[in-house]
Amino acid sequence: MFDHEQDIVERVIDSLRRPVGIEPAFDARVMREIAALRAPRRRLVLFAGLAAVAAVLAVVVLARPRAPATRELQFVLVAPQAATVSLVGDFNDWDAVRTPMRPLRPDGPVWSAVVPLAPGRYHYAFLVNGSRWLADPAAPTASDDGFGTPSSVVTVSGRGRGRGT
Amino acid sequence: MRIAALLAALTLATRVAAQEPRLERLDSAARAPVAALLDSARIAGLPAEPLIQRALEGTTKGAPAERVVAAVRRLATDLGRARAALGLAADPLELEAGAAALRAGASPEVLAHLRRARHQPLMVPLAVLADLVASGVPVDSAAAAVLVLAGSARDADLVEFRRAVERDIALGASPAGAATGAAREAAGATDLNSTARTGSARPRRP
């Protein structure tokens with residue numbers, strides 16, 4: 001080995017032995033870079049987790065028995081002399097006070113009530129002045145059950161919107 | 001002995017009222033027989049709600065207890081016949097409409113034929129059949145018309161058909177003639193509807 005080569009080697013060794021000056025924020029910067037590299041994977045895991053939770057919730061909601069969709073039906077009766085009119089039928093347990101009808105105009109002859117109904121076939125009648133039973137002239141007549149007063153029938157289909165049959 | 005029977009009836013009535021509180025509104029003479037009919041229906045897998053409603057209807061209208069019981073018994077029988085005709089898979093709405101159709105005079109064979117002809121719920125066709133008979137259409141004409149339409153008509157088509165029959169009757173047509181004419185019209189309309197749905201290029205009626 002030549003002298004000047006020996007000199008170079010010693011200078012290199014000196015340089016390596018010298019303590020390296022690292023700026024104080026270096027560690028924090030490195031950790032930030034590492035975190036930035038991991039973020040997409042973490043987001044992916046989070047997204048997959050949320051998707052799994054959503055799928056479980058969807059199964060629970062769809063598998064749960066749902067209440068049938070109801071439709072609002074308007075019942076109308078022309079009763080000029082009536083003081084009170086009630087709509088009574090299968091949809092209100094034939095309770096004469098549960099569904100009072102109201103005049104469309106004050107003191108007018110047309111009485112009306114709107115009732116939400118699930119799909120099905122319902123018997124009903126109007127009770128005028130608390131004592132007189134009337135069938136709906138605009139609806140099919142129900143079979144006679146020997147009760148001595150007429151009833152009507154309305155069928156609400158399960159699809160579509162609008163009036164019953 | 002008489003006291004024992006009275007106590008047994010009282011116990012049964014109390015137990016029934018606890019199971020179905022709405023029966024408390026019934027006349028005491030009707031309560032136990034109606035409750036027994038409800039129990040039988042439930043055991044047979046038939047819907048109890050229509051039976052309860054018939055009993056409540058009779059009670060609210062002031063019918064005597066024996067008429068209330070007779071009406072409930074008749075409906076329970078019709079629900080059972082409807083299920084025998086429509087099959088075990090029939091849902092409660094179909095059974096109730098089927099019972100109405102049977103009560104109107106349709107035969108169980110008509111119900112079974114409808115089940116085979118239509119691969120959709122039968123509540124509306126059965127209800128239309130019963131309603132047509134109530135409008136005065138002879139049961140054979142009503143059944144024939146509904147059977148013709150049942151294979152392809154939608155529920156809405158059947159409802160419109162029934163309204164058309166009622167309209168024609170109100171205008172003076174004979175019920176049988178109105179049903180036949182409206183069925184022919186509806187069958188044509190249904191044909192056009194299905195043509196539109198399938199996108200076929202068949203010519204439309206003028």
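**Helix packing in chain B**

Modeller: Helix α3(B) passes α4(B) in a right-handed crossing. This description, like everything that follows, refers to a predicted model. Two packed helices are described by the angle between their axes and the distance between the axes. For α3 (residues 49-60) and α4 (residues 65-86) of chain B, the axes cross at roughly 155 degrees and come within 9 Å. Angles over 145 degrees count as roughly antiparallel, and α3(B) is therefore roughly antiparallel to α4(B). On the α3(B) side, the contact is formed by Pro50(B), Leu51(B), Arg54(B), Ala55(B), Gly58(B) and Thr59(B). The α4(B) side contributes Arg67(B), Val68(B), Ala71(B), Val72(B), Leu75(B), Ala76(B) and Leu79(B).

Leaving aside residues up to four places away in sequence, Val72(B) touches Val34(B), Leu37(B), Leu51(B), Arg54(B) and Ala55(B). Of these partners, Leu51(B), Arg54(B) and Ala55(B) also belong to the α3(B) side of the helix contact. Val72(B) is, moreover, one of the residues with the most contacts inside the largest nonpolar core, together with Val34(B), Leu126(B) and Leu129(B). That core comprises 85 residues.

Helix α5 (residues 92-104) and helix α7 (residues 123-134) of chain B have axes 8 Å apart and pack at an angle of about 25 degrees. Angles under 35 degrees count as roughly parallel, so α5(B) and α7(B) are roughly parallel to each other. The crossing of α5(B) past α7(B) is left-handed. From α5(B), the contact draws on Leu93(B), Glu94(B), Ala97(B), Gly98(B), Ala100(B), Ala101(B) and Ala104(B). From α7(B), it draws on Met123(B), Leu126(B), Ala127(B), Leu129(B), Ala130(B), Val133(B) and Ala134(B).

The twelve residues of α8(B), 139-150, should span 16 Å at 1.5 Å a residue, and the end C-alpha atoms are 16 Å apart, which agrees. Its buried residues are Ser141(B), Ala142(B), Ala143(B), Ala145(B), Val146(B), Leu149(B) and Ala150(B).

Along the sequence, the pattern of chain B is α-α-α-α-α-α-α-α-α-α. Of the 206 residues in chain B, 45% are buried. Among contacts in chain B with a separation of 6 or more, 61% join residues 24 or more positions apart.

Most residues other than glycine have a negative phi. Asp93(A), although not a glycine, has a positive phi of about 55 degrees, and it is found in the loop between β2 (85-89) and β3 (102-103) of chain A. Asp93(A) counts as partly exposed because it has 15 C-beta neighbours inside 10 Å. Asp107(A), also not a glycine, has a positive phi of about 60 degrees and lies in the loop between β3 and β4 (110-117) of chain A. Asp107(A) counts as exposed because it has 6 C-beta neighbours inside 10 Å.

Conventions:
Residues are numbered from 1 along each chain as its sequence is written. Chains are lettered from A and ligands numbered from 1 in the order in which they are written. This is a predicted model: local features need pLDDT of at least 70, side-chain atom pairs count only at pLDDT 80 or more; totals for chains, interfaces and linings use all residues. A nonpolar core is a set of buried Ala, Val, Leu, Ile, Met, Phe, Trp, Tyr and Cys residues joined through C-beta atoms within 7 Å. A residue is buried if 20 or more other C-beta atoms lie within 10 Å of its own, exposed if 12 or fewer, and partly exposed in between; C-beta atoms are placed from the backbone. Two residues are in contact if their C-beta atoms, placed from the backbone, lie within 7 Å. Helices (H or I, at least four residues) and strands (E, at least two) are DSSP runs, numbered from the N terminus. The expected span of a helix is 1.5 Å times one less than its number of residues. Axes are lines fitted to C-alpha atoms, for helices over the stretch in contact, and angles run from 0 to 180 degrees between N-to-C directions. Angles under 35 degrees count as roughly parallel, over 145 as roughly antiparallel, 65 to 115 as roughly perpendicular and the rest as oblique. A crossing is left-handed if the near helix is turned anticlockwise from the far one by less than a right angle, and right-handed if clockwise.
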